[in-house]
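Me: Please take a close look at one part of the structure below and follow it into its surroundings. I would like one connected account, with the cut-off behind each term.

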Amino acid sequence: MNIFDAAVAEIQVSYHPNVPAKDRIKVQTSDEVYRACSLFWPGFDHVEYFYILLLNRSNQILGAHLLSKGGITGTVIDVRVIMQVALKCSATSIVCLHNHPSGNLTPSDADRQVTEKIKQAGKILDIQLLDHLIITSERYFSFADDGLL
């Protein structure tokens, strides 16, 4: 087969904001991020979810992306996909969010390690990790507020 007879897939990269810039929610604190979660969080009790909140330079929310839905004790977090999504929508910063179905807000070693990986990947791409929240329906733990970022 001749190389010029082969097909090459077209790659499409797109971000379609459905909220006008003037109507975007601006977040400055972990409490404001936690309150914004109520607009999209699917549930807390049975499985672990991992979302990324994508922000512009003004800390306005560009969107929320469900990275993964796992089981009772964990979920898969692929740092490359986090950065891929952030780049697609031209985010300048991100906040990571996940729940622990057990209700325990203490970060696991895995939580700490993946947070550091996300932070380092963001440095390379100039996408700042502002915070990582572990959330329940009543309260949250903030890596930034606790000095872990």
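Reply: Leu87, Ile124 and Leu125 make a nonpolar surface patch of about 320 Å², where a patch joins nonpolar side chains (Val, Leu, Ile, Met, Phe, Trp, Tyr) within 5 Å, or like charges within 9 Å, from residues with over 30% relative accessible area and no salt bridge (a side-chain nitrogen of Lys or Arg within 4 Å of a carboxyl oxygen of Asp or Glu). Areas come from the Shrake-Rupley method with a 1.4 Å probe, and for residues only the protein chains shown count as cover. The model is predicted, so local features need pLDDT of at least 70 and side-chain atom pairs count only at pLDDT 80 or more, whereas totals for chains, interfaces and linings use all residues. Residues are numbered from 1 along each chain as its sequence is written, and side-chain values use heavy atoms, with hydrogens and water left out.

Leu125 belongs to helix 3 (residues 109-125); helices (H or I, at least four residues) and strands (E, at least two) are DSSP runs numbered from the N terminus. With a relative accessible area of 37%, Leu125 is partly exposed, that is, between buried (under 20%) and exposed (over 50%), with a 1.4 Å probe and protein chains only. Helix 3 also holds Arg112, which is partly exposed at 39%. Beyond its neighbours within four places in sequence, Arg112 is in contact with Pro107, Phe143 and Leu148, contact meaning heavy atoms within 4.5 Å. The C-alpha atoms of Arg112 and Leu148 are 8.2 Å apart, although 36 residues separate the two along the chain.

Turning to the sheet, five strands form an open, mixed arrangement in the order 2-1-3-4-5, two strands being paired if DSSP finds at least two bridges between them. Strand 2 (61-69) and strand 5 (140-142) are the edge strands, each pairing on one side only. Strand 3 (residues 93-99) runs antiparallel to strand 1 (residues 49-55), joined by six bridges, while its pairing with strand 4 is parallel and spans seven bridges. Val95 of strand 3 is the bridge partner of Leu53 and is also bridged to Asp131 in strand 4; Ser93, likewise in strand 3, is the partner of Leu55. Seven of the seven residues of strand 3 are buried: Ser93, Val95, Leu97 and Asn99 point one way, and Ile94, Cys96 and His98 the other.
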